[in-house]
Amino acid sequence: MRTTILFTFCLLSPLLTSAADIYVNNSGQSGTHSTITAAIAAASPGDNIYISPYGSYTEDLTIDKDLSLISAVSGTAFNVIGTLTINSIPNMLVKIIGASFTGNFTANTGSAGLNTKSQIYLIESAFRNVTGKDYVEMHVLFCKKESMGVTIDHGEIKGCLISGVLIGDTPDVGIGDTVLIIGNKCSRISWSNDDSYFIIANNFIHTTQYAAFQVSKDYSTTTNLNLFQNNTIIIDIPSAVGYERGFLFYDPNLGIEFYNNIIINNSSDGNGYYFNSSPNFTLNWFNNLFFNFSLSFQNTSNSSQYSWMYSTSINNDDATVFNLSDIDSLGRCFNTTYALDKGYPSLNHYDIDLTPNDRGAYGGPYSIDNYHNTAAGKARVYDLDMPFEIWNGQTPQVKAKAVHTK
């Protein structure tokens with residue numbers, strides 16, 4: 001049966017039709033500014049600043065109004081030797097597209113508030129490190145710099161190739177929003193936030209030093225569960241590191257559903273978890289694949305005394321049938337017996353090819369392949385809404401948001 005798929009794209013185009021276009025070219029070309037600082041000073045709120053990527057700009061930049069900084073040449077980043085600081089104002093909108101900075105990016109709270117959070121987009125850009133503080137909603141999309149760490153309190157991180165993710169704990173007022181960490185390639189994800197829920201999906205986490213996933217605070221209760229789904233995790237840590245083998249939990253009031261993940265421990269120690277002290281949480285495991293990975297719970301003082309403090313449901317988990325050779329360097333799984341089209345059946349998820357979803361990062365509605373496929377002419381989709389159920393004779397409608405095409 002031939003199936004028609006309808007796509008709806010919402011482009012990140014400027015919201016104000018009256019916005020002016022300002023150009024920066026350090027060659028002295030007529031009608032342009034020679035520095036980005038001068039262009040920012042001359043710009044009105046909502047303007048677009050297009051920056052020539054040929055040559056570099058030695059500047060520390062500060063933005064305190066609605067602006068877009070955009071590379072003037074598609075697919076080529078403009079280069080800044082310096083830092084970028086955002087001082088937020090209520091309901092601020094700033095977009096940085098196609099930038100490469102040698103220094104850090106920092107988005108400060110400024111005068112933004114709980115109901116007037118600033119919206120900051122970093123798209124296909126690189127910095128030493130990225131930090132978004134309280135009342136700043138960060139959208140970090142398709143940023144690729146393997147040494148770059150990203151720290152945010154609210155927002156989303158999607159389609160990035162970075163060193164690690166830290167979700168922080170400000171403003172500490174129990175906002176109750178959801179942070180999305182989807183389709184990234186990184187070495188670790190650390191959660192220290194009691195203001196938000198999370199969906200962590202379709203990431204490829206390859207750790208050689210730290211725990212792949214660490215939780216020290218959580219906003220949810222045991223009846224409102226966070227989602228950790230369709231991730232591929234390879235743990236490759238020397239024995240000298242100690243307990244940091246896979247997952248660390250420090251005093252969380254926590255509820256998580258783990259399902260359709262592939263977890264391979266390539267280290268000598270197969271311990272799965274470590275607890276610092278008495279947690280109160282629920283972990284539900286569904287349809288995960290493990291190799292050389294123990295589900296035992298470890299603690300430095302007395303691991304057995306904590307066994308009654310958690311409830312775990314393990315269903316259809318395969319612990320001995322999978323191995324490292326089933327995963328390639330991109331996190332793609334080739335195991336047709338236990339991974340491909342073998343996602344948890346009652347969830348009714350589908351892959352982007354409308355087949356039953358795979359386990360691991362390439363399965364389900366947020367497939368990592370959707371975020372890292374850079375084929376020419378394809379839109380950079382960052383928010384995909386797949387149908388969870390498909391019936392014969394139905395025309396599925398797939399909704400997505402895209403930033404631009406290459």
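Colleague: Is D369 buried, partly exposed or exposed?

Modeller: This is a predicted model, in which local features need pLDDT of at least 70 and side-chain atom pairs count only at pLDDT 80 or more, while totals for chains, interfaces and linings use all residues. Residues are numbered from 1 along each chain as its sequence is written, and side-chain values use heavy atoms, with hydrogens and water left out. Buried means under 20% relative accessible area and exposed over 50%, with partly exposed in between (1.4 Å probe, protein chains only). The relative accessible area of D369 is 26%, so this residue counts as partly exposed.

Colleague: Which residue forms a salt bridge with D369?

Modeller: A salt bridge here is a side-chain nitrogen of Lys or Arg within 4 Å of a carboxyl oxygen of Asp or Glu. The closest N and O atoms of this pair are 3.5 Å apart, and the partner of D369 is R332.

Colleague: How many residues apart in sequence are the parts that R332 and D369 tie together?

Modeller: Helices (H or I, at least four residues) and strands (E, at least two) are DSSP runs, numbered from the N terminus. R332 lies in the loop between β33 (310–315) and α2 (368–372), whereas D369 lies in helix α2, so the parts tied together by the pair are apart in sequence by 37 residues.

Colleague: Are K158 and E156, which meet in a salt bridge, buried or exposed?

Modeller: Their side chains meet at 3.2 Å, N to O. K158 has 1% relative accessibility and E156 has 8%. Because these values fall under 20%, K158 counts as buried, and E156 likewise counts as buried.

Colleague: Which residue in β7 is the bridge partner of Y57?

Modeller: β4 and strand β7 (residues 78–81) pair in the parallel sense over three bridges. In β7, the bridge partner of Y57 is V80.

Colleague: What share of the residues of the protein chain count as buried?

Modeller: The secondary structure of the protein chain comes to two helices and 35 strands. Of its 406 residues, the share that count as buried is 51%.

Technical notes:
Two strands pair if DSSP finds at least two bridges between them.
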